[in-house]
Amino acid sequence: MDDAQLNEELLDCLFAIRTQVHGELKGLAREAGLTDTQTDVLWRLSRGDEMTARRLSDLLHCDASTATSMIDRLEKRGLVRRVPHPTDRRAKVVQLTPEGCALRDRVIEHTTRHSPFAHLDHESRLRLHSLLREVNDGVRSADEPIPGKNNHDKEQQQ
């Protein structure tokens, strides 16, 4: 198998996995009265890092106003709250409420129980994790501005 065909098959596998995970989450999201994107927000907030609306919009690849609107809806449902940022008084951090944590825990439990990786042994999952992190870190590095290069267009988009 040549490199082009291998890359195509790897992408086919990723799309199939995404479709499977998305399908599993869709039913749970509907049952909880959430959209797919709101479920994604709960998942991302579960990582424990301080999350501003700006950071959330970056992770979701949407504009800040879309992220803010989504946070507003989740806040009205009592799933998240905004608290002052510990070091930047202009910013707010989005946190899960106890109700949001309970729903997040349901999402994580459901997703891990139906994980497409569950049939792999622990060692295989560790190897896959390492490879996926390497790919993901490479993608992130490619998106970062190159020092000394004119990044004016990228800054204006933000």
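**View 1. The salt bridge between Asp-36 and Lys-26 in the predicted model.** Asp-36 and Lys-26 form a salt bridge in which the closest N and O atoms are 3.3 Å apart, a salt bridge being a side-chain nitrogen of Lys or Arg within 4 Å of a carboxyl oxygen of Asp or Glu. This pair links distant parts of the chain, with Asp-36 in helix H2 and Lys-26 in helix H1, ten residues apart; helices here are DSSP runs of H or I with at least four residues, numbered from the N terminus. Across the whole structure, a search finds eight salt bridges. The model is predicted, and local features need pLDDT of at least 70, side-chain atom pairs count only at pLDDT 80 or more, and totals for chains, interfaces and linings use all residues.

**View 2. The packing of helix H2 against helix H5.** Helix H2 (residues 36-45) packs with helix H5 (residues 98-113) at an angle of about 95°, and their axes are 9 Å apart, axes being lines fitted to C-alpha atoms over the stretch in contact, with angles running from 0 to 180 degrees between N-to-C directions. H2 is therefore roughly perpendicular to H5, a term that covers angles of 65 to 115 degrees. Thr-39, Leu-42 and Trp-43 of H2 make the contact with Gly-100, Leu-103, Arg-104, Val-107, Ile-108 and Thr-111 of H5, where contact means heavy atoms within 4.5 Å.

**View 3. The crossing of helix H3 and helix H4.** The axes of helix H3 (residues 53-60) and helix H4 (residues 64-76) cross at roughly 110° and come within 8 Å, so H3 and H4 are roughly perpendicular to each other. On the H3 side the contact is made by Ala-53, Arg-54, Leu-56, Ser-57 and Leu-60, and on the H4 side by Ala-64, Ala-67, Thr-68, Met-70 and Ile-71.

How values were computed
Residues are numbered from 1 along each chain as its sequence is written. Side-chain values use heavy atoms; hydrogens and water are left out. Helices (H or I, at least four residues) and strands (E, at least two) are DSSP runs, numbered from the N terminus. Angles under 35 degrees count as roughly parallel, over 145 as roughly antiparallel, 65 to 115 as roughly perpendicular and the rest as oblique.
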